[in-house]
Amino acid sequence: MAERVKGDEEMKIARIDVFPLRLPMSQSFTISNGAVGEAGLGAPHVYVRITADNGVCGWGEARPSPRWSYETLQTVTSTIERYLRPALIGLEAKDWKKIQRVMNRDIRPGLGSGQPIAKAAIDMALHDLIGVAEQRNLAELWYSAPDPGLKLSYLISTASLEEAAHKAAYAAANGYEAVDVKIGLDLKRDLAIVEAVKSEAPGVYFRVDANQAYNLPQAVKLAKQMERIGVDVFEQPLAANQLHGHAELRRKTALPIALDESVWTPGDLMQAIRTEACDIVVIKVTKMGGLSGAKRCGEMARDAGLELLGGGLTESRLGLTASGWLFQHLDIAYPADLNGPMFLSDDPVETGPVIKKGEVQLPMEPGIGCVISMKKIDQYLAGED
């Protein structure tokens, strides 16, 4: 066990290692924009290890996909290796403000936050590093009581009515308290998919995610129909930049509207609040530049009177654990859409969370709480694409 570092003791970043990985998938995953990962090809993940000058190290994860944003396995790797790593070596690991300032200086924010998925891996690894050094888990770093229990929603992503109904029945029979249904895969069948899921899992929290698939007239029509069916929330129906469109949709339906792809930064959140574009904000560690940015967005949204949902970008168990601790800290009431392990057949986490269908026990060890297998890291290193 690492020796505890006193809170005022300096600890400088000595080394940053980057591991681009292709993790094996047990099943393919598709959203309205296309395949996020395929069973035969694997899914792109980037693990980052940061080592301090006292020998303590921490791990972080990025999960890029061009279906979500412009970041890819290659850009995340090169951004960290060529730009962020040289800028961060030698900095005090606990100087959060300076680290964020330096990362944003070397990879400038534009309309977005500037390679947030790459920066998220650095931020996550630093949280892990500091927690391990101080022998505190993430909850303790944020001065909240550790609660290792976490509920998961069940993800349904298919254009097949039969498969959707089968998956919904499975979720209901196995104790899941929420389902997350992806639509936009086949616009003509979306309503039938929603009805099939509702009929098989009538008592669960029902989250329908369009991943920007619709225009405003289509979304208005579908929202009114989903009100009748009993959907609980309609997530990201319109394009990410259509805040005024989402506000207009809210005026035409009683169905709560959640924003995901529209909110990557605190600035994005402020615009959503000003335009009254949503009822709910989806908090995701990877898209928001890491635990620091996601925590800030969650607290701001709460202060503005908005509800929160927790989600992920199909990260491995490392990212799931970090996200789970944050969602507990933010008191997110609904089961989290952290579905990466549902699609992955393996990852480099040697010991970590215990996942049993719709329930997770988060590890209570210091930092994020996961032990990483270097053997698995070497096994899944991505070759040149």
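# Sheets and helix packing in a predicted model

Q: How many helices and strands does the protein have?
A: The structure is a predicted model, and its secondary structure can be counted along the chain. The protein has 13 helices and 17 strands.

Q: What radius of gyration does the protein have, and which value would a compact globule of 385 residues have?
A: Along its principal axes, the C-alpha trace spans about 60 × 45 × 40 Å. For 385 residues a compact globule would have a radius of gyration near 21 Å, and the value for the protein agrees with this, being 20 Å.

Q: Which strands stand at the edges of the open sheet of seven strands, and why is one side of each left without a neighbour?
A: The order in this open sheet is β7-β8-β9-β10-β11-β12-β13, and the pairing is parallel. Each edge strand has a single partner strand, so one of its sides is left without a neighbour in the sheet; these edge strands are β7 (154-156) and β13 (307-310).

Q: Which residue in β13 stands opposite Ile283?
A: Strand β12 covers residues 280-283 and runs parallel to β13, to which four bridges join it. Within β13, the residue standing opposite Ile283 is Gly310.

Q: What is the strand order of the open sheet with three strands, and which strands form its edges?
A: This open sheet has antiparallel pairing and the order β1-β4-β5. Its twist averages 20 degrees from one strand to the next. The strands that pair on one side only, and hence form the edges, are β1 (13-23) and β5 (57-62).

Q: How many bridges join β1 to β4?
A: Strand β4 covers residues 43-52 and runs antiparallel to β1. Across this pair, Arg22 stands opposite Pro44 in β4. The number of bridges joining the two strands is ten.

Q: Which strands does α3 lie across?
A: Helix α3 covers residues 116-134, and its direction makes an angle of about 155 degrees with β5. The strands that α3 lies across are β1, β4 and β5.

Q: Why is α1 described as oblique to α3, and what is the hand of their crossing?
A: The axes of helix α1 (residues 73-88) and helix α3 come within 10 Å and cross at roughly 55 degrees. That angle makes α1 oblique to α3. The crossing of the two helices is right-handed.

Q: Are α2 and α3 roughly parallel or antiparallel to each other?
A: Helix α2 (residues 96-106) packs with α3 at an angle of about 160 degrees, and their axes are 12 Å apart. Angles over 145 degrees count as roughly antiparallel. The two helices are therefore roughly antiparallel.

Q: How do the residues of the contact of α2 with α3 divide by class?
A: In a right-handed crossing with α3, α2 contributes Trp96, Ile99, Gln100, Met103 and Asn104, which meet Lys119, Ile122, Asp123, Leu126, His127 and Ile130 in α3. The residues of this contact divide into six nonpolar, three polar and two charged.

Terms used
Residues are numbered from 1 along each chain as its sequence is written. This is a predicted model: local features need pLDDT of at least 70, side-chain atom pairs count only at pLDDT 80 or more; totals for chains, interfaces and linings use all residues. Side-chain values use heavy atoms; hydrogens and water are left out. Two strands pair if DSSP finds at least two bridges between them. Axes are lines fitted to C-alpha atoms, for helices over the stretch in contact, and angles run from 0 to 180 degrees between N-to-C directions. Angles under 35 degrees count as roughly parallel, over 145 as roughly antiparallel, 65 to 115 as roughly perpendicular and the rest as oblique. A crossing is left-handed if the near helix is turned anticlockwise from the far one by less than a right angle, and right-handed if clockwise. Contact means heavy atoms within 4.5 Å. The radius of gyration is taken over C-alpha atoms; the globule rule is 2.2 Å times the number of residues to the power 0.38. Ala, Val, Leu, Ile, Met, Phe, Trp, Tyr, Cys and Pro count as nonpolar, Asp, Glu, Lys and Arg as charged, and the others, Gly among them, as polar.
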